[in-house]
Structure formats: C-alpha cells, structure tokens
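Subject: Structure handover

Hello,

Please find the structure below. Notes on what was found in it follow.

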Amino acid sequence: MKAGRKNLQRACQDGSAVTLAEGESIMQVVTLRGSNLIEVTDGEGVKSLALFPAKFQKSFWIKNGNFVVVDASGRDEALESGSKIGCVVSRVLFHDQVRALEKSGEWPAMFKSTSNSWSTRTTEGTTPQVKEEQNSDEDDDDLPPLEANTNRNRPFDVHSDTESDSDS
C-alpha cells in the first residue's frame, strides 16, 4: 500500500473530530452516477453533482444516504461556466463523526431526522432484519408455513459413547 493511502486512512481513523473549513459543507449522497460522480443534496435541499476523487476509490465505499464533507467553494462559478460538476468530496463521514457533528451544532437541520433514525437503529441494538423477523411472527398475512428444504441432507445426531457409559 502506498504512503498516500496509509496516511489517508490514518487521518480518517484518528480524526474523529471534524471541523468544517470555509467553503465546505455537509451533504448527503442521493445517488451514485458512476465514474467517480455522485449526486448530493445540501442542507437546503438543492441537488448537485460532486466528484468523488480517485484517492478515495479503493479506500472508502459510499452508498445512498451516507454523509460527506464537500468543498463547494467554486460551485457557483462552475455552474455559470456550464460545468455540471459543482463540488468535490473532501471527506467521507463515519457514524462517530456524524454523532460528534450533531452534538457540536454544525449539523444541518434538514438532515437531523435522517441521522437520528440512523443512530437510533444502531443504539437500540436491533437491526432492521431483526425487527422484520419480530413483525413477521405477528403478521403472517394468511400465508402457509414454509416447508423444509428436501434438497439438503441433514446430518445425523451422533450420540457419544460417554453418555451411554455414564448411564450404566
């Protein structure tokens, strides 16, 4: 691994406290467009295209709903010149960093409901799959129970000799 990637990962792991520089803002990923382009929305709900730099490619993976810090200082000039890409991703935010930003007050009001549902899901200790399983017991929707898979052999229960020796 090259020194650049090592330093990039160290900076993200060590720097749990995120401070926003001038021209940077927090945005949420809406869709992945491919070829290092992502569609993001800012605190006011304005959507724009952002460039996901190549230095992040094999180090960080993002998906819809993740939060990123974007350098949008040249956004207006880029849009006026006819460029579709208005900003560049400068940092990917992790769960701990999102919680720290919420507590510090730098978090946009539009994202408060989104991040709270994310944090409550992880703090409760139950994932959405577990909740679905719990709800599926209550709501059968008049479906018959699942049949056993006959294509798979079940291993026989092997009784050990120690149990029979202890009985006698």
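Where in the chain is confidence lowest, and where is it highest? It is lowest in helix α5 (residues 128-138), at a mean of 48, and highest in strand β2 (residues 37-41), at 94. Confidence here is pLDDT, given by the predictor for each residue from 0 to 100. Helices (H or I, at least four residues) and strands (E, at least two) are DSSP runs, numbered from the N terminus.

This is a predicted model, in which local features need pLDDT of at least 70 and side-chain atom pairs count only at pLDDT 80 or more, while totals for chains, interfaces and linings use all residues. Residues are numbered from 1 along each chain as its sequence is written, and side-chain values use heavy atoms, with hydrogens and water left out.

The chain has a mean pLDDT of 75, with 64% of its residues at 70 or more. Over residues 116-134 the pLDDT is below 50. Beyond near neighbours in sequence, that stretch makes twelve contacts in the model (heavy atoms within 4.5 Å). Where pLDDT is low, the predicted coordinates should not be read in detail.

Five strands form a closed barrel, in the order β1-β2-β3-β5-β4, with mixed pairing (two strands pair if DSSP finds at least two bridges between them). Strands β1 (residues 24-34) and β4 (residues 67-71) run antiparallel and are joined by five bridges. I26 has V69 in β4 as its bridge partner.

R75 is in helix α2 (residues 75-81). R75 counts as buried because its relative accessibility is 13% (buried is under 20% relative accessible area, exposed over 50%, partly exposed in between, with a 1.4 Å probe and protein chains only). Leaving aside residues up to four places away in sequence, R75 touches M27, D42, V46, K47, S48 and G86.

Regards
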